[in-house]
Every structure is written in C-alpha cells, then in structure tokens.
Amino acid sequence: MRYVSTRGTADVVDFEGALLAGLARDGGLYVPESWPSFSPDEIRALRGLPYAEVMARVAEPFVGDSFDGETLRKMTTEVYGRFDHPAVAPLVQTEPGTWVMELFHGPTFAFKDYAMQLLAAMFDEVLARRGERVTILGATSGDTGAAAVEACRDRDAIDVFILFPEGRVSPMQQRQMSTVASENVHAMALQGTFDDCQDMVKALFNDSSARDRFRLSAVNSINWARLLPQVAYYMTAGVALGAPDRPVAFSVPTGNFGNVFSAYVAQKLGLPIERLVIATNQNDILTRFFETGAMTIESVQPSISPSMDIQVSSNFERLLFELYDRDGKAVTDTLTGFRNSGTFSAGDNMMSRAGDLFSAFRADEAETSATIARVYRDAGMVVDPHSAVGLAAVTKARSAGVVDPTTPLVSLACAHPAKFGDAVAAATGQPPTLPEQLKAMLDLPERHTVIPNDKAAVEAYLGANARIAKAAA
C-alpha cells in the first residue's frame, strides 16, 4: 500500500513513511493511493471475532509490508486486551432502532484511546527497528492530548509535547495531561483556541528546519495511522447489526472530522453505510457547510462539549480530496483561498456527491443539556455532552427523514461522563460516578507550562526540552 498527499506534490510513501511523517512535506494529509475493499463474505467473516482480530484484518491491506501478520496481531491483542470491556466497543440499545456505541473503555476513558494506543505501539515497533527517536507534537481540544500522553508516556524513543488551549478544556481533561510526571511528557497550555494550537502544529511541521531538527511526528488525526484504527469499531458495529446483509447508519459527534472520515473509510471498504450524520455543537461550521455549500470561519464559542469547539476541521481536507476526484492542485487552491479569506463555496456537483452519504445537524447548549437529561430519564444512561450532541442529531436525522426508519442508527459515545461532571450534574441533578483512575488524579500535583501563541516561543520550548535536540546541542 502506497500513500499520496492531498496536496499532490509530496513524495509517495509506504505506511511506515506515513506513520513517521504525520503531515506530508507539501502540507497535505496522506491517504491511500487507492482504496482496498472487502467482499461481502469477508465482512460476514468478521462476525463474532474478537475485536483485536477485526482490527488486524482491517489494518492488513493498509499496512502492507510495514508489519507482518504475526506482529500486527501481537500488537492488537496487547493493546485491546487492556481495555475494560470484553467487547471493547460495546453496543447498548437506547430506543427502537437506535444504539449507542460506548467508546470510553480505554485507559483515558475517551474514543481517542482506540487509535492512540495502537499508534504508540506501531511507533515503538518501527523506531526500535530503525534505532531512531522522534518528537511527537500534537494539538488537543481535550481528549487527544490525554490519550497521547497515556499512550506515549515512559517510551524511550518518544518525547511527546501536547498543546491545549488554556482554560478551554475540562478540568479533568487538563489533569489527565498535567498530572503525568513522566520525563518524556510535556503539557503546554497555549494562550489561544484549539484552532490556534492546530495552526501552531502545522506551522512547525511546515518549517523544514524545525521539523528535521526535532524529528517531528504527529499523533493528531492529521496522521493517517491515527485514523486507521478507528475504522475497526465501525466494522464491528456494522456486522453486529446485520451488515453486509443490512445497511447501517452512524451519528458521529464531530469537531476535526477525523472520526467521521474513518467511517467514510469503512464505507469505502464495503460496509453498507446508508448515512453518516455529522453532529456538531454550536461551533457549527460543518453543519453550515452541508446546509449551504459554503464553509465560513466564525469565532469559536466555548461550550460544555469543548472537544468540538473547532472552526477549522483539518480532516475535512481528506474528504475534499475525494470530492475533487483526487486533484491535489484543486485542494491546495481551495484551502489557500479559505485561509486567506475565511470562506469557500462548493459547487452543486460536489454538494450533491457529499449529500449522498453525509447529513449534518447542530445541537446548541440547551439542546445538549436537554438530551443528557432525556437519555438519563428515558434510558437510564448517563452520557457526556459530546455523546449527547450525537444523540440530539439522531433525533433530528430521524425527523428529517434522512435515515430509513428500518435502518439501525448507531450514535457514538465518545467519552465517559465523569470527564465532564459539572455539565452532567447540571443536566441530571447528580454527578456521574467517578472511575477510580480519575478519582486518583484529583490528589496529584499538576505540571504544565503556559506558553504564548508564538511560534518562536514554542520552538524555543521544544529546543530546551526535547531529548533529541538536547543530545544534538
């Protein structure tokens, strides 16, 4: 399997190259040169298999020669054996035709663990083989950072630096990053928004001198190897509900577009997905795009679902590449204009093609809180605000008729409710039960650095703390 950049001018690489590079040298995102596909019989054969085996079978055509089957299965077995539910990503029915897929059974209680734990294992395997070291630089709106820190802590060949927007993640999300005392972990509170954090990461990756000096690599969903593991839970949910002999639909709480693009990949593999519902909070740039055909940046409004407080969805570039029939120049021109003007418009043909699979709905703060309360009252289930946005979108999608009434609709529960205890307590009248691992963090000292939204300041911090830079000094 070979990988090409969405901007069209970077070198073609194998899976290992895409894993280590993260972001392509031309500023684009890597995608497979062509999409593999599973036959209906191959999809049926996934039924009843352990989650780790499904993950290995999904990954095999994408990793090519980078990992043999035995090594791949050893990694998936070890990684998902550490999750706290035997099904790894269990389905819970909440009402007729609607299921919640619980994606908070990993070590940091968020869906990011499903990819991040495997990504870190892949890094370890490749770096040990090469005898090399990398510096991970990532941006987080909350859960990515915690998952990256937990997955990469104490690894000899990796230093991890995570930028998060100061004051714009939940207290528990911050503690999951700032209470880790490992020498190779650095939590950095950037004075800005998540979009500023994301722009900072891209600026440093696009600076060839900084990129090479620190041997930068990425764990954000700009890294293809972060998206790939997420495909597995769409496949397990689909086959559990009757695929390939029955279509399914998914509602995906969406900020940076990575998770829902993984669902798109599952559809490309052959999973019969009838509809992908994009669920946004009040920071609704994606919903506005699918409603109007225009993507226009507005100011970020802090919310009770902070991981979705985003106005520039990096992974949307991968969908644009598909909608532009893989024309890298068209993608480059569109995104350059978008960055300069803050807006771009899609043509009718592009919107028609996107509308064949995607619909989008928003939930404001009141609707999110009301959904938390309703699900608790009617189904006895406590959900976090991000998961509530997805469930609110389910109701709207059903009302709009974009999903056949007979099609199972799976809404993703992206985080444990205890990570957003104040919002959950306000909606339900009582705080969620705190897992022991999170409870223990409340007594640990925090360790993070507040840093200005300035590239030179961030680069100076990397220079003073990245082991690869200190060794070269």
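Thr449 lies in strand E16 (residues 449-451), where helices (H or I, at least four residues) and strands (E, at least two) are DSSP runs numbered from the N terminus. The model is predicted: local features need pLDDT of at least 70, side-chain atom pairs count only at pLDDT 80 or more, and totals for chains, interfaces and linings use all residues. Residues are numbered from 1 along each chain as its sequence is written, and side-chain values use heavy atoms, with hydrogens and water left out.

**Surroundings of Thr449**

- Thr449 has a relative accessible area of 26% and is therefore partly exposed; buried means under 20% relative accessible area, exposed over 50%, and partly exposed in between (1.4 Å probe, protein chains only).
- The C-alpha atoms of Thr449 and Ala189 are separated by 5.9 Å, although the two residues are 260 residues apart along the chain.
- With neighbours within four places in sequence left aside, Thr449 is in contact with Ala187, Met188, Ala189 and Tyr461, contact meaning heavy atoms within 4.5 Å.
- The side chains of Thr449 and Tyr461 are joined by a polar contact of 3.3 Å. A polar contact is a pair of N or O atoms within 3.5 Å; within protein, one must be able to donate a hydrogen and the other to accept it, and residues adjacent in sequence count only if both atoms are side-chain atoms.

**The sheet E2-E1-E3 and Ser5**

- Three strands form an open antiparallel sheet in the order E2-E1-E3; two strands pair if DSSP finds at least two bridges between them.
- Strand E2 (13-14) and strand E3 (30-32) stand at the edges with a single partner strand each, so one side of each has no neighbour in the sheet.
- Strand E1 (residues 2-5) pairs with E3 in the antiparallel sense over three bridges, and Pro32 in E3 is the bridge partner of Tyr3.
- Ser5 belongs to strand E1 and counts as buried because its relative accessibility is 3%.
- The side chain of Ser5 makes a polar contact of 2.7 Å with the side chain of Asp26, and a polar atom of the Ser5 side chain lies 3.0 Å from the backbone nitrogen of Arg7.
- Leaving aside neighbours within four places in sequence, the residues in contact with Ser5 include Ala10, Ala24, Leu29, Tyr30 and Phe321.

**Helix H17**

- Helix H17 (residues 365-379) has 15 residues and, at 1.5 Å a residue, should span 21 Å; its end C-alpha atoms are 21 Å apart, which agrees. The expected span is 1.5 Å times one less than the number of residues.
- Thr368, Thr371, Ile372 and Val375 are the buried residues of H17. Seen down the axis of H17, they fall within an arc of 100 degrees, so they line one face of the helix; the arc is that of the directions from the helix axis to the C-beta atoms.
- Helix H18 (385-400) and helix H19 (421-428) are among the elements that cover these buried residues, whereas Ala366, Arg377 and Asp378 are exposed on the other side of H17.
- At the start of H17, a side-chain oxygen of Asp364 comes within 3.2 Å of the backbone nitrogen of Ala366; just after H17, Gly380 adopts a positive phi of about 70 degrees.

**Cysteines**

- Zero disulfides (pairs of cysteine sulfur atoms within 2.5 Å) are found in a search of the whole structure. For Cys197, which is in no disulfide, the nearest cysteine sulfur is that of Cys152, 18 Å away.
- Cys197 counts as buried at 0% relative accessibility, and Cys414 is buried with a relative accessible area of 4%.
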